[in-house]
Amino acid sequence: MSTRQELGRFLRAHRELLDPAEVGLAAGSRRRRTPGLRREEVAALSGVGLAWYTWLEQGRVETSRQVLDAVARALRLDGDAHRHVLALAGLRPSEAAPAPDDPTGLLAGLPAAAVLDRCFDVVAANAGFAGVGLPGGNLVLALTDPAWRARVPDWEPLARQVFRQFRAHADRAPDDPRVRGLLRRLTAERPDLAPWWGCREVREFRSAKATVDGLPRTFTLLRPGGDTDTGVLVLSAG
């Protein structure tokens, strides 16, 4: 599956989520067979042809940043979703500084931190982070583990952030076998979270608070040098 196809699926999902009234469209007398906006409505709001927008949703064409900016405005995408659309189209901003060769060097000066890859696997951690004990060494898989969730009673807001960030990475690497393996395991072990995944919501990970083993913690994900595939997860008190 190509990132163009993922882009089309993402646009369609958000089109179907958008209430016509939100963009000033009356309901009209014609009954809507599907929820959200019609393709022709998005095309008109974006100033592009219906055939072109249809091909865009079908993953059949490449497009420009100008067109995607217009479509993002028409679909009322927020900043994170807009950046995700650009990334799927291969238009990821190139002005970010290069990431350091060894992000593990950042761990020494932090109380509890770990380096995560694009699949949220822990590839390195300092002594302070070791006590967190993520099952399988993966932040996403921790969501499937009852024992870990028992240690984090208010786990859901944190889990939603992780899901949204992982969704962004998964869309950008649809053929990555590790991504596919994680999705299969999540589907099997947490079918109740399927709506979280199915809505195709993405969000850059921001600070999130959760109680771990009775202690309030703040989870923050740092991006060394603007690298989107490597992160340093920092746990701080409070």
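**Entry 1: His14**

I looked up His14 and found it in helix H1; helices here are DSSP runs of H or I with at least four residues, strands are E runs of at least two, and both are numbered from the N terminus. The model is a predicted one, where local features need pLDDT of at least 70, side-chain atom pairs count only at pLDDT 80 or more, and totals for chains, interfaces and linings use all residues. Residues are numbered from 1 along each chain as its sequence is written, and side-chain values use heavy atoms, with hydrogens and water left out.

Is His14 buried or exposed? I have His14 down as buried, at a relative accessible area of 15% (buried is under 20%, exposed over 50%, partly exposed in between, with a 1.4 Å probe and protein chains only). Setting aside neighbours within four places in sequence, I see His14 in contact with Leu75, Leu77 and Arg200; contact means heavy atoms within 4.5 Å.

**Entry 2: H1 against H3**

Staying with H1 (residues 3-17), I checked its packing on helix H3 (residues 50-57): the axes come within 7 Å and cross at roughly 110°. Axes are lines fitted to C-alpha atoms, for helices over the stretch in contact, and angles run from 0 to 180 degrees between N-to-C directions. That makes H1 roughly perpendicular to H3 (65 to 115 degrees; under 35 is roughly parallel, over 145 roughly antiparallel, the rest oblique).

Which residues make the contact? From H1 I noted Leu7, Gly8, Arg9, Leu11, Arg12 and Arg15, and from H3 Tyr53, Leu56 and Glu57. By class they divide into four nonpolar, one polar and four charged; Ala, Val, Leu, Ile, Met, Phe, Trp, Tyr, Cys and Pro count as nonpolar, Asp, Glu, Lys and Arg as charged, and the others, Gly among them, as polar.

**Entry 3: H5 against H8**

Next I turned to helix H5 (residues 79-88) and helix H8 (residues 155-172), which pack at about 15° with axes 10 Å apart. That makes H5 roughly parallel to H8. His84, Ala87 and Leu88 of H5 meet Arg167, Ala168, Asp171 and Arg172 of H8. I sorted this contact into three nonpolar, one polar and three charged residues.

**Entry 4: the strands**

I followed strand E3 (residues 208-212) into strand E4 (residues 215-222): they pair antiparallel over five bridges, where pairing takes at least two DSSP bridges. Lys209 has Thr218 of E4 as its bridge partner. The hairpin has two residues between the strands, and Asp213 takes a positive phi near 55° there.

On to strand E5 (residues 231-237): E4 pairs with E5 in the antiparallel sense over six bridges. Here I found Arg217 opposite Ala237 of E5.
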